[in-house]
Structure formats: C-alpha cells, structure tokens
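Subject: Structure for your review

Dear colleague,

Please find below the structure that I am handing over to you.

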Amino acid sequence: MFNIIFDIDETLTTDSAEDFDKMELINELCTNPDRFVQALRPHFLHHGVLELIKAVLAIPEVNIHFFSADVEERNKPFVAELIKKAMGDDYYENHKTQTRIFSRPELIDVQKELESHPEKTESDYQPPYEIFKGHRKKDISLVNKEEQALKYTCLADDRPGITLKGQEKNYINILPFYPKYLDLNDFVHADEKTYQQSMHFKALNHIFYLAGFLIDAINLARQNTAKPLSMILFEKQFVKIDLFRYQPNFETLNSDMYYYEKGLSYLQQHNPHLELLTPQNLKEQLNLSSNLFAPSEQCKRITLTNTQ
C-alpha cells in the first residue's frame with residue numbers, strides 16, 4: 001500500500017487567510033465554481049488539482065492523506081469538498097475513512113520538544129541538510145506506524161523545512177504557488193523557452209510537475225518491488241557529491257520540462273482539454289469545466305491494513 005500525503009496551502013490551494021486582497025486577481029481571471037472550495041474561507045484550487053486527485057486515486061493500492069499546519073476545522077471540510085469535486089459525493093462517502101487528515105496539533109514544535117526532553121538535541125529533529133531545517137515538523141509515520149510502511153509513504157510539500165529527520169527520502173519538493181504569478185503581462189511577447197524557464201511558469205504549472213514526478217515514482221515502485229518508493233524518490237531528488245555525501249537536487253528537477261509534460265499526459269487522461277498554463281490560454285484554462293465524476297468502481301481502493 002502506498003500512502004501519499006499532500007500538504008494543502010500553496011501546494012494544492014491558495015486562500016484568503018493572510019490577505020483577502022490577494023484573491024482579487026484570481027477572482028478577476030476565474031469565475032469557475034469548479035475551482036473554488038469554501039472551508040471557513042474561500043480557497044482557489046490550483047490548476048490541475050482535481051485531475052491530480054483523480055489520477056493518483058486511479059492507481060491500485062494507493063491511499064491519499066493530508067497534512068496541513070492549519071486548524072482541523074478548516075482542513076476537514078476542505079478535504080471533503082476537494083475529494084467530492086474530484087470524485088463525486090458517492091465516492092467520498094464510500095471511501096472517506098481511508099483518508100487521514102493531520103492538522104496543527106500533530107505538528108512537532110522542535111523548541112517545545114527540546115524543552116520537554118532535555119536529553120535530546122536539535123540534531124534529533126533536523127535532517128543533515130540546510131534546506132530541511134525548520135522549527136516545526138510533520139511526522140508522516142503517523143499515517144501508519146508499521147516499520148515497513150514508511151518506505152511506501154511520501155509527503156508532497158512546498159516547504160522542505162517541515163521534514164522530520166529520517167524522512168528526507170520520503171519528501172517530494174513542489175514549488176509554491178502565489179497569486180502574483182497569475183500576472184503574465186511580461187510574458188505575452190516572450191518566446192516559449194523564456195517563459196518555461198520563469199518562476200511564473202513553474203509555479204502556475206506546479207501540479208503538472210508533481211503529477212509527473214509522483215506518478216512516475218509510484219509506477220517505478222510498483223514495477224520494481226525490490227526498490228521501495230522512498231528509495232526511488234531519494235535517487236531522483238539527491239545527487240552524490242562525494243563518497244559518503246549527497247545533496248538535494250530540487251532546483252534542477254523543478255526546471256525539467258520532462259515532468260511537466262509527463263504530468264500533463266497523465267492528467268489529460270482524466271480531462272483531455274487540460275493544458276499547461278500560458279499567457280495565451282490562462283483565462284480559458286482557469287475557467288475550464290472539470291466534469292470529473294466517475295463511477296466508484298473505476299477507482300477501487302485497498303485498505304491500510306494491506307500495507308506493504
């Protein structure tokens with residue numbers, strides 16, 4: 001069983017929690033109800049998110065979960081509405097017990113842990129890479145405490161610093177989306193390569209990157225049972241710099257068009273009209289109807305008790 005954990009904010013959605021005005025540009029460009037979820041406040045679903053959920057759930061022996069630093073009162077209704085939009089009400093009701101949702105109370109506050117456990121040190125929580133240093137951590141082993149389960153569990157998150165020591169191999173880096181990237185006026189007359197190398201392209205289309213990277217990795221792990229998902233992720237995202245040391249290779253990977261195009265091919269299987277966002281198709285694509293509901297039998301699930 002593969003356990004895929006998604007961060008929520010800036011990974012799957014953008015909301016008005018910090019600055020309501022930041023939704024203004026989104027509202028100007030998008031009037032498509034498919035793209036909005038109400039959970040304490042309005043949330044804009046990033047381009048391709050509904051198709052991503054459907055594509056991942058179509059893979060045999062996969063469960064999806066969510067881990068957000070926000071409060072449970074926001075996270076639970078958000079996840080419910082997200083899955084209903086992607087899969088339909090019946091699917092959600094039939095499978096909701098297989099999806100776990102972790103919120104702010106489940107976060108590990110490193111400083112509080114050190115105060116409570118004076119025998120521990122910072123190095124007990126922080127991975128040996130600067131990019132993973134952070135004050136709060138997500139322990140993804142909460143999904144399943146069985147020793148082997150972690151090898152088939154991953155977390156897709158836009159903040160590397162949330163990674164707990166020992167779980168670096170399970171992390172998938174995704175660039176954050178911010179509404180400012182919807183302003184593509186500077187790229188209207190730019191050539192395709194210039195646009196594709198920009199942060200605007202990478203952020204607007206980060207769901208396609210995630211789909212290509214994640215689904216490729218799951219498929220490899222399913223084909224090669226001797227190599228668990230965590231090892232495949234590590235080999236893809238880390239490069240060897242000397243005999244004993246590795247370093248993350250996130251920036252290079254996030255610039256590789258292969259994963260964006262591969263993700264597009266995966267997601268178009270569930271919405272053939274979906275395209276990567278460009279200055280020319282931005283408004284049309286954001287308002288694209290997502291008629292994604294499918295019979296539940298097309299996406300059968302296996303319970304967590306069958307963890308590999």
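The notes below begin with the chain as a whole and then turn to a cavity and to several individual residues.

Please bear in mind that this is a predicted model, and that the values given here are computed from it.

The chain as a whole

The chain contains twelve helices and twelve strands. Along its principal axes, the C-alpha trace spans about 55 × 45 × 40 Å. How does the radius of gyration of the chain agree with that of a compact globule? For 308 residues, a compact globule would have a value near 19 Å, and the chain has 19 Å, so the two agree.

Buried residues account for 56% of the 308 residues; a residue counts as buried when its relative accessible area is under 20%. The accessible surface of the chain comes to about 14,300 Å², and carbon and sulfur atoms contribute 49% of it.

The largest cavity

A search of the whole structure finds two cavities of 30 Å³ or more. The largest of them has a volume of about 80 Å³. Which residues line this cavity? The lining consists of R35, H46, H47, G48, V49, L50, E51, N271, L274, Q285, L288 and S290. Sorted by class, these are four nonpolar, six polar and two charged residues. Helix 2, which covers residues 49–57, supplies the largest share of the lining, namely three residues.

N32 lies in the loop between helix 1 (24–29) and strand 3 (36–39). Is N32 buried or exposed? Its relative accessibility is 7%, so N32 counts as buried. Leaving aside neighbours within four places in sequence, N32 is in contact with L286, N287, L288 and S289. One of these, L288, is also part of the lining of the largest cavity. Q285, another lining residue, is 253 residues from N32 in sequence, yet the C-alpha atoms of Q285 and N32 are 9.9 Å apart in space.

S289 is found in the segment after helix 12 (282–286). Not counting residues up to four places away in sequence, S289 touches N32, D34 and N271. Of these partners, N271 belongs to the cavity lining.

Most residues other than glycine have a negative phi.

E10 has a positive phi of about 65° although it is not a glycine. E10 sits in the loop between strand 1 (2–6) and strand 2 (13–15). With a relative accessible area of 13%, E10 is buried.

E61 is likewise not a glycine, and its phi is positive, near 60°. E61 is placed in the loop between helix 2 and strand 5 (62–67). The relative accessibility of E61 is 31%, so E61 counts as partly exposed.

Yours sincerely,
A colleague

Key. Residues are numbered from 1 along each chain as its sequence is written. This is a predicted model: local features need pLDDT of at least 70, side-chain atom pairs count only at pLDDT 80 or more; totals for chains, interfaces and linings use all residues. Side-chain values use heavy atoms; hydrogens and water are left out. On a 1 Å grid over the protein atoms alone, a cavity is a set of points where a 1.4 Å probe fits but cannot get out, and a pocket is an open set with protein on both sides within 12 Å along at least five of seven lines; lining residues have an atom within 4 Å of a point. Grid points are joined across faces, edges and corners, and a volume is the space filled by probe spheres set on the points. Helices (H or I, at least four residues) and strands (E, at least two) are DSSP runs, numbered from the N terminus. Ala, Val, Leu, Ile, Met, Phe, Trp, Tyr, Cys and Pro count as nonpolar, Asp, Glu, Lys and Arg as charged, and the others, Gly among them, as polar. The radius of gyration is taken over C-alpha atoms; the globule rule is 2.2 Å times the number of residues to the power 0.38. Buried means under 20% relative accessible area, exposed over 50%, partly exposed in between (1.4 Å probe, protein chains only). Accessible areas come from the Shrake-Rupley method with a 1.4 Å probe; for residues, only the protein chains shown count as cover. Contact means heavy atoms within 4.5 Å.
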